[in-house]
Amino acid sequence: MLHRYVAINRRDAIGPALDALLEVVEEVFPIEREDALAARDVVLGASQLSARDAIHVAVMRRRGVERIITFDRGFDGVPGITRVT
C-alpha cells in the first residue's frame, strides 16, 4: 500500500488508508530471511509477479495465508492464493 500511494504521489492519503487497512486485518507479519529466499524462487518461477509481490507470496505461504486484499491481478495466477478486492 505504501508503495502504491508513493508511486501515484498521494502521500497525503497514506495515513488514512493505513488506518483503514489496519481496521480490517488481524495481524501484520514481518518479512524474515527465509521469506527473501523463498521470494527469489517465486519470482524466478512466476514472471507475472513483481519482486514486491513475490515477497507477499512468500510471507503468505510461510504463514498459511490464502487470501490477499488487492487490486493487483498478478496474484490471480498464484496457486493457493485467492485475491479479494
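## Salt bridges

A salt bridge here is a side-chain nitrogen of Lys or Arg within 4 Å of a carboxyl oxygen of Asp or Glu. By this rule the protein has five salt bridges. The model is predicted, so local features need pLDDT of at least 70 and side-chain atom pairs count only at pLDDT 80 or more, while totals for chains, interfaces and linings use all residues. Residues are numbered from 1 along each chain as its sequence is written, and side-chain values use heavy atoms, with hydrogens and water left out.

## The network around Arg 62

Glu 32, Asp 35 and Arg 62 are linked in a network of salt bridges. Arg 62 forms a salt bridge with Asp 35, with the closest N and O atoms 2.6 Å apart. This pair joins helix α4, which holds Arg 62, to helix α3, which holds Asp 35, across 27 residues. Asp 35 is buried at 1% relative accessibility (buried: under 20% relative accessible area; exposed: over 50%; partly exposed: in between; 1.4 Å probe, protein chains only). Arg 62 is partly exposed at 25%.

Arg 62 also meets Glu 32 in a salt bridge, at 3.7 Å from N to O. Glu 32 lies in the loop between α2 (14-24) and α3 (33-45), 30 residues from Arg 62 in α4 (residues 51-63). Helices are DSSP runs (H or I, at least four residues) and strands likewise (E, at least two), numbered from the N terminus.

## Asp 12 and Arg 10

The side chains of Asp 12 and Arg 10 form another salt bridge, 3.2 Å from N to O. Asp 12 is exposed, at 57% relative accessible area, and Arg 10 is partly exposed, at 38%.
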